[in-house]
Amino acid sequence: MKKYTVDQLRNLAVVSHGGAGKTTLAEAMLYLSGGVDRLGKVDDGTSTMDYDPDEVKRKSSINASVAPVEWNNHKINFIDTPGYSDFVGDVVGALRVADSVMVLVDAVSGVEVGTELMWRRIEEYDLPRMLVVNRMDRENANFFKAVESLTEFFGNRVAVAQIPVGEGDKFRGVIDLSSMKAYMWDDASGKNYSEVEIPADLLETAEEYREKLVEFAAESDEELLNKYFEGETLTQKDIEAGLEKALLSRSVYPVFCASGLKLTGIQPLMDAIVSLCPSPVSVGAVKGTAPGSEDVVERKPEETEPLSALVFKTMADPYVGKITMFRVYSGIVKSDSQVYNASRDRTERFGQIFMTKGKQQVPVSEVGPGDIAGVAKLAETTTGDTLADKDNPMILPRIDFPSSVLSMAVRPKSKGDEDKIGQGLTRLMEEDPTLKFDKDAESSELVVSGMGEVHLDIMADRLKRKFGVEVVLEEPKIPYRETIKNTVNVEGRHKKQTGGRGQFGHVWIEMSPLPSGTGFEFEDKVFGGAVPRQFIPAVEKGLREALPAGGVLAGFPLVDLKCSLYDGSSHPVDSSEMAFKIAAQLALKKGCTEATPILLEPILKVDVTVPEEFMGDVMGDFNKKRGRILGMEPEGRYQIVRALVPMSEMAKYSIDLRAMTGGRGMFTTEFSHYEEVPGSIATKIIEEANKEKEAQ
Ligand SMILES: Nc1nc2c(ncn2[C@@H]2O[C@H](COP(=O)(O)OP(=O)(O)OP(=O)(O)O)[C@@H](O)[C@H]2O)c(=O)[nH]1
Ligand SMILES: [Mg+2]
């Protein structure tokens, strides 16, 4: 691969609602720019970009992958991302390292749920953006209707930059409004196209939209604006220069049109990316911090600056090992060298560095500022880490991955595979920061959390394919607790006479409830040595050891209670630590029974963001789920509903919310506190828990 200067690079993340044709467009660009000899297709599994077996099987992208498109002496790093919302982690990684973003919408559907969700992520990164109405060849394709929906959702910065010649099966070309030329394709190869005059019937429309586009271009630059007001005609160069500025300042979102599948409109689209999207030079210096401090460090996108690079994606392969993808912001990384990971304060051995084209690895000797590359088999580096110059280290902001929305317990199909699951999941987590797993200390279940059902299903597929272990996914157990409601005084007496030396321990304990979240407290209130000093620690120990399974209702952990030891008696020979431990535990059990034991359940704090029209449904649903609405708050076109809801009601919320809002909602949860379970529900939970215990 040719070496490009920094200003010749374009890092473009491509996002859309699932299936709008991102991968097909990447294939078209690779093919038409000469990057591949054969056109890859998603539908027949020959895609260069969707090469992962899970992607081939689903005919849809799961991973972000980079296609280097070499065009007009520039290199576009086309970062193809998955559209399905369960794989949003890779979108976030791609947006983090991109300098601009291209949003695709389907020419029939216009803006869809996924487009809206992606847009919100793009806004978080505030990236310059261009829009493409794709799949223009489809029956009922309607460019201007799609533009209308783009304007409705994304406002009046949306400006038409091209208009199509024909729609549906008559889609033959595009009119470029800065050059006022039409480009027409007349053979299926997509390679040959001709520049012609604008067809007469489209001239008026073209002029009308050009006027608006020129205004956007002019407004970005004082000189242009003067020229424009003095009535001078802006040249194509003027307009492109103006639009480039307007794009960078986020004051315009130009709209293009294409058909990736029919290879129509692709070359002008690549031209537009090169001429309008910012290079790393236009984006300028990045900011980070010096390790271990808050001091801001800046790095310009230049080779002579100290190295700074961010790892945005890790792929784990059981055979090849780990592949680390990174974007360089400043300085140079060389193959076969030592590279410092500033986030971990570790030096890594870099072997051969390569650029990727789907699964194909193109070796390079070095990679410079602004470019994206990969390296295999790093020992400790993970996604989000900063690679830097050891003598001038800096740490770039990490990638803010969304928190998980669905948790499931994983169980092996065949007994004895527990260890394999743990190892497999650890590897899968390395490549997927939105996947978490934990062994629940209480239930000893392995609980995995992710971005949705499909995400976790694919995790299960991968465990099988990559690590040879078959698993079953189930709803995880809810970590209930037990406590008491009243204060009681109880006696615990342990006496045993078996031949030789006997056992004797005897205590009086006052048990009282503590405020929620306090845990356990022990107090020694013994006067006059009724319980000899040396046995008091044993009493406390006995109580503490009994707490984890100490509840009398269903054996859930006991919390929020205080035990005050205030009396008892001992035997000069038979008393022992063990005897007092047992006596204390007897008292605890008795006390729990007498002090009105209750069941506690975890309550989550839930924040749901939905378009306004779904607010009523979301709140009604929370009422059914025994939730308490804390408040509402508008956020742009959305409303945030905050509520407290029992965890047991939220197990499948990602699915419920998707059904309620057609996928247009997002939510986060966070543990809040424990609360008493209402009577009839508690009875049921206790019955089930006891049944399960008996079965074991
Ligand atoms: N008619 C038509 N179909 C297209 C076009 N582009 C893609 N498709 C089809 O639409 C489907 C999805 O295309 P992909 O390229 O996989 O779309 P994607 O945006 O990468 O999808 P995800 O990765 O799942 O988000 C496939 O069946 C493609 O053949 C197009 O320009 N016209
Ligand atoms: Mg795709």
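The C-alpha centres of domain 4 and domain 5 sit 40 Å apart. Where they touch, domain 4 puts in 10 residues and domain 5 puts in 5 residues, with contact meaning heavy atoms within 4.5 Å. Together the pair bury about 700 Å², 61% of it on carbon and sulfur atoms; buried area here is the accessible area (1.4 Å probe) that two parts lose on being put together, summed over both.

Keep in mind that this is a predicted model, where local features need pLDDT of at least 70, side-chain atom pairs count only at pLDDT 80 or more, and totals for chains, interfaces and linings use all residues. Residues are numbered from 1 along each chain as its sequence is written, chains are lettered from A and ligands numbered from 1 in the order in which they are written, and side-chain values use heavy atoms, leaving out hydrogens and water.

Now for ligand 1. It has 20 residues around it, and the closest are Lys22, Thr24, Asp43, Ser60 and Arg135; to count, a residue needs a heavy atom within 4 Å. By class, that shell holds 3 nonpolar, 12 polar and 5 charged residues, with Gly counted among the polar ones.

Here are some polar contacts, meaning pairs of N or O atoms within 3.5 Å:

| Residue | Atom on the protein side | Distance to an oxygen atom of ligand 1 |
|---|---|---|
| Gly21 | backbone N or O | 2.9 Å |
| Ser259 | side-chain N or O | 3.2 Å |
| Gly260 | polar backbone atom | 3.1 Å |

Taken alone, ligand 1 exposes 640 Å², and the protein buries 89% of that (Shrake-Rupley method, 1.4 Å probe).

Technical notes: A polar contact is a pair of N or O atoms within 3.5 Å; within protein, one must be able to donate a hydrogen and the other to accept it, and residues adjacent in sequence count only if both atoms are side-chain atoms. Domain bounds come from an automatic or database domain assignment.
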